[in-house]
Amino acid sequence: DAQQQALAPSDRQRVVLSTTLAETSLTIDGVTTVVDSGLARVPRFDPKRGLDRLELVRISKASATQRAGRAGRTRPGKCIRLWTASEHVAMRDFEDAEVRRVDLAPTVLALRSWGVSDPKAFRWFDRPEDASLDAAGRLLRLLGAIDADDRVTELGEQLSKLPVHPRIGRLLIAGVDMGVPGQACALAAMLSEKDIVRDDESRASGTPRTMGSSDLLWRLAILDDETSSHASGIDRVALRQVRRVRDELDRITRRLRPRQIDFAIEADPLLLLPLLAYPDRVCRRRDHASGTMIGGGGVRLDPACVVREGDFFVALDARSDQRSRSREATVRIASRVERERIETLLASSIQTDRTVTFDESTGKATAR
């Protein structure tokens, strides 16, 4: 009702604060002036770290034209651009193709399932970076979707037929195999959609509201509680969406048949599922609020994150942001994992090397 009221014709003057959604064909009657910053915050995939990051970038000329057009949809209007004519000349003609800035794991798995032996040799309309294709291959090998020779495995064939990201598909299949399909669907829905928790109180105080083994587990309790939509700190819109996606995923998993697993479930399976879906996000703790991810990147736990103990954790919702002073990825949702579980479930992916170097300037040897 509030949205309809905001869009309805009115004699009162209104100011609309908009994201790049305003570049679409949405028409709001009465808009006669656009003030354009010339900037956009764009999500990009970092293939080196396997993380999404937000970048504040200058828009393209095509985007500027789209934004200006919002002021002339139903009557003459004007656009005030907050940049100079010389800066406009230097702007790109068009935005980067999406294939150059997103996670390509689903695409590479689809190509290999179709029989494409080398994605780099595929006749792309817009060719992605080799680093992004390599990162996609590494993730698919970690998930067990392709083998060491880049051939699609039986698990990979299964994943390619599911209408979800291979990570989420791996979580769903493992949930069915471990006998917890319902909970797996709920976890997958929470990891696929906007976070249902807005814990502003914890962020203001700098300490989590509780301590626990996983941020997902107490969110799972919220998801199952029909009265939680009225609780403080809960995003009601996100909660409804997550429940809807959970029900959709439940219909998908009903078609899956349990497979024989080759490991003993000695721990809570809900703590094993995140590790299988995000094997590249394993972190070793530095202190109660930070850790080092596979590959050497640093991460910092959000003040609301409950996982404050244990040597290892999985950074499930880790995002880099240029606004971060430390340039480390911020983790809102984490799940504790034991070293033994890592060594069991990811045995084929673990390599142990020891190198010793001598620094002549300091006269010291360093072992790594």
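User: How many salt bridges does the structure hold?

Analyst: This is a predicted model, and it holds 29 salt bridges.

User: Take E55 and R44. What makes that pair a salt bridge?

Analyst: The cut-off is 4 Å between a side-chain nitrogen of Lys or Arg and a carboxyl oxygen of Asp or Glu. E55 and R44 come in at 2.9 Å, N to O, so the pair qualifies. E55 sits in strand β3 (residues 51–58) and R44 in strand β2 (residues 39–46), so this contact ties together parts that are 11 residues apart in sequence. Both residues are buried, too.

User: Why would such side chains pair at all?

Analyst: Opposite charges on side chains can pair when the charged atoms come close.

User: What about D149 and R151: how do you know they form a salt bridge?

Analyst: Here the N to O distance is 3.3 Å, and the limit is 4 Å, so the label holds.

User: And why is D149 called exposed?

Analyst: Exposed means over 50% relative accessible area. D149 has 54%, so it counts as exposed.

User: Which residue does E343 pair with, and how far apart in the helix are the two?

Analyst: E343 meets R339 in a salt bridge at 3.0 Å, N to O. They are 4 residues apart in helix α13 (residues 339–345), which means a separation of about one helical turn.

User: Which residues do salt bridges with shared partners join into one network?

Analyst: R44, E55, R92, E95 and D96.

User: On to the cysteines. How many disulfides are there?

Analyst: The count is 0. Take C305: the nearest cysteine sulfur belongs to C283 and is 10 Å away. A disulfide needs two sulfurs within 2.5 Å, so C305 is in none.

User: Is C305 buried or exposed, and what about C185?

Analyst: The buried label needs under 20% relative accessibility. C305 is at 0%, so it is buried, and C185 is buried as well, at 1%.

Notes
Residues are numbered from 1 along each chain as its sequence is written. This is a predicted model: local features need pLDDT of at least 70, side-chain atom pairs count only at pLDDT 80 or more; totals for chains, interfaces and linings use all residues. Side-chain values use heavy atoms; hydrogens and water are left out. Buried means under 20% relative accessible area, exposed over 50%, partly exposed in between (1.4 Å probe, protein chains only).
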